[in-house]
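Subject: Structure for your review

Dear colleague,

Please find the structure below, followed by an account of what was found in it. I would be grateful if you could read the two side by side.

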Amino acid sequence: MQGMKIEVVRHLFTFIILCLVQVLVLNHINILGCATPLLYVYFIMLFRRGYPKWAVLAWSFAIGLCVDVFSNTPGVGAASATLLGLLQPYLLGLFTQRDSPDDMKPTMKEFGTTRYVYYTVICVVVFNLVFFSIESFSFFNWLQWAKNIGGSSALTAILIIVIENFRKR
């Protein structure tokens with residue numbers, strides 16, 4: 001029971017830090033008009049294997065909604081984060097071995113570099129695909145849509161991998 005309380009406090013701390021960084025810093029970065037880092041995806045990726053699926057969904061919706069409120073993107077982040085929260089346990093299952101423990105955390109140290117990079121890229125691309133599809137809500141300017149997805153996915157994945165490299169040490 002004590003371990004669960006500590007885990008919730010850690011998630012809350014990570015939640016607050018990533019929300020603040022996203023809203024105060026990263027939302028103001030727009031490289032070449034198409035690459036904005038959406039680092040709060042990292043929060044959803046951090047849930048351990050065996051974490052209750054309803055809790056992953058609740059946390060994912062909460063971080064998406066929190067970023068939406070302060071970023072003036074009504075519902076876009078919440079919908080994208082909730083969908084990724086729904087898919088995260090299954091995506092995590094693709095990269096974990098069957099005999100790995102239920103409390104295994106998805107880190108570069110646990111997965112190895114190659115599998116972690118694949119996990120990161122898939123999660124980030126799924127999130128950005130949904131995010132920018134809802135945001136544009138049309139395919140009239142599909143080239144800009146594709147640039148936004150590609151640029152933001154690349155920038156976000158690079159940031160997550162850099163952060164994970166520092167955590168690994």
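**Findings**

F61 is partly exposed, with a relative accessible area of 40%; in the terms used here, buried means under 20% relative accessible area, exposed means over 50%, and partly exposed lies in between, with a 1.4 Å probe and protein chains only.

Before going further, please note that this is a predicted model, in which local features need pLDDT of at least 70 and side-chain atom pairs count only at pLDDT 80 or more, while totals for chains, interfaces and linings use all residues. Residues are numbered from 1 along each chain as its sequence is written, and side-chain values use heavy atoms, with hydrogens and water left out.

F61 belongs to helix 3; helices (H or I, at least four residues) and strands (E, at least two) are DSSP runs, numbered from the N terminus. Leaving aside neighbours within four places in sequence, F61 is in contact with A78 and T82, where contact means heavy atoms within 4.5 Å. Between the C-alpha atoms of F61 and S80 there are 8.6 Å, and the two residues are 19 residues apart along the chain.

S80 is placed in helix 4. Is S80 buried or exposed? At 1% relative accessibility, S80 counts as buried. Apart from its neighbours within four places in sequence, S80 is in contact with F127, V130, F131 and I134. A polar atom of the S80 side chain lies 3.2 Å from the backbone nitrogen of F131. This falls under the definition of a polar contact: a pair of N or O atoms within 3.5 Å, where within protein one must be able to donate a hydrogen and the other to accept it, and residues adjacent in sequence count only if both atoms are side-chain atoms.

**Aromatic pairs**

The structure holds twelve aromatic pairs. Rings of Phe, Tyr and Trp (its six-membered ring) pair if their centres lie within 6.5 Å; planes under 30 degrees apart count as stacked, over 60 as edge-to-face and the rest as tilted. F131 and F132 form an edge-to-face pair, with 5.1 Å centre to centre and 80 degrees between the planes. Both F131 and F132 are buried. Elsewhere, ring pairs link F15, F43, F47, Y51 and W59 into a cluster.

**The largest nonpolar core**

A nonpolar core is a set of buried Ala, Val, Leu, Ile, Met, Phe, Trp, Tyr and Cys residues joined through side-chain atoms within 4.5 Å. The largest has 40 residues, of which F43, I63, Y116, Y119 and F127 touch the most other members. Two or more residues each come from helix 1, helix 2, helix 3, helix 4, helix 5 (108-111), helix 6 (113-136) and helix 7 (142-168). Helix 6 gives the most to this core, with seven residues.

F43, a member of both the core and the ring cluster, is in contact with H11, T14, F15, L18, W59 and I63, leaving aside its neighbours within four places in sequence.

L12 is found in helix 1 and counts as partly exposed at 43% relative accessibility. The C-alpha atoms of L12 and W59, 47 residues apart along the chain, are separated by 9.2 Å.

**S152**

S152, in helix 7, is buried, with a relative accessible area of 1%. Not counting residues up to four places away in sequence, S152 touches C34, A35, T36, N128, F132 and K147.

**Two loop residues**

L32 has a positive phi of about 55 degrees although it is not a glycine. This residue sits in the loop between helix 1 (2-24) and helix 2 (41-45), and L32 is exposed, with a relative accessible area of 80%. N72, also not a glycine, has a positive phi of about 60 degrees. N72 lies in the loop between helix 3 (53-71) and helix 4 (76-95) and is exposed, at a relative accessible area of 68%.

**The largest pocket**

The largest pocket has a volume of about 350 Å³. On a 1 Å grid over the protein atoms alone, a pocket is an open set of points where a 1.4 Å probe fits, with protein on both sides within 12 Å along at least five of seven lines; lining residues have an atom within 4 Å of a point. Grid points are joined across faces, edges and corners, and a volume is the space filled by probe spheres set on the points. Of the 14 lining residues, the closest to the pocket centre are R10, T14, L46, K105 and R167. Helix 1, helix 2 and helix 7 each give two or more residues to the lining, and the largest share, five residues, comes from helix 1.

With kind regards
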